[in-house]
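Take a look at the model below.

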Amino acid sequence: MPQSCRSMDPIVTAVMVALVASPAHAVSPEEAFTAGCGGCHASDAKILRKIPDGSEAVRRAWILNFMAGHPNERDAVKAEIVEYLVAKSATSKSWWQFW
Ligand code: HEC
């Protein structure tokens, strides 16, 4: 019965459209970082090292406070940049970063 198979198409299509469309209206955190900070910071390593250890709230507060007095070439995506740094500073503190 081909009709029952075809009935899935709208759902599959909707999911695919959603996946493909999402980057178009929302800049990814990586893109936001590159746009706002990448002009002066080729890498985020130095920045991530500077962010203190602590809970998400502590890191977010530090990042917001720091960025308030620091250049940002793309202020429109500041929220995404903050998310990027909060997320990456949670996982990036590997032993090798202290050397
Ligand atoms: C106009 C250039 C410029 C832009 C844009 C810029 N920075 Fe910086 N940033 C610097 C300079 C210069 C320093 C000091 C030198 C260094 O440590 O590399 C610095 C230092 C830092 C430091 C401290 C690093 C350390 O080792 O002391 C952090 C954290 C930082 N920047 C975060 C950011 C973030 C996040 C953004 C994007 C929102 C950003 N910067 C955008 C120029 C810039």
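Is His70 buried, partly exposed or exposed? His70 is partly exposed, with a relative accessible area of 34%. This value, like the others here, comes from a predicted model.

**The iron site**

The protein donors of the iron atom of the ligand are His41 (NE2) and His70 (NE2), lying 1.9 Å from the iron atom. His41 sits in the loop between helix 3 (29-36) and helix 4 (45-50), while His70 sits in the loop between helix 5 (56-68) and helix 6 (78-91), so the pair ties together parts that are 29 residues apart in sequence. His41 is also partly exposed, at 25% relative accessible area.

The site of the iron atom is octahedral, with angles of 88 to 180° among its six donor atoms. Ideal angles for six octahedral donors are 90 or 180 degrees.

**Around the ligand**

The ligand is surrounded by 15 residues. Cys37, Cys40, His41, Lys46 and His70 are the closest.

| Side chain | Ligand atom | Distance |
|---|---|---|
| His41 | nitrogen | 2.8 Å |
| Lys46 | oxygen | 3.1 Å |
| His70 | nitrogen | 2.7 Å |

**Helix 5**

Helix 5 has 13 residues. From first C-alpha to last, helix 5 reaches 18 Å, close to the 18 Å expected at 1.5 Å a residue. Its buried residues are Arg59, Ile63 and Met67. They cover an arc of only 60° around the axis, which puts them on the same side of helix 5. An α-helix has 3.6 residues a turn, so residues three or four places apart point the same way. Ala57, Asn65 and Ala68 are exposed on the other side of helix 5.

Definitions and conventions: Residues numbered from 1 in each chain as written. Predicted model: local features only at pLDDT ≥ 70, side-chain atom pairs only at ≥ 80, totals over all residues. Heavy atoms only, no water. Donors = N, O, S within 2.8 Å, 3.2 Å for Na, K, Ca; no water. Tetrahedral: all angles 85-135°; square planar, octahedral: opposite > 155°, others 65-115°. Helix = DSSP H or I, 4+ residues; strand = E, 2+ residues; numbered from the N terminus. Buried < 20%, exposed > 50% of the residue type's maximum accessible area, 1.4 Å probe, protein only. Expected span 1.5 Å × (residues − 1). Arc of directions from axis to C-beta. Near = heavy atom within 4 Å. Polar contact = N/O pair within 3.5 Å; in protein donor to acceptor, adjacent residues only side chain to side chain.
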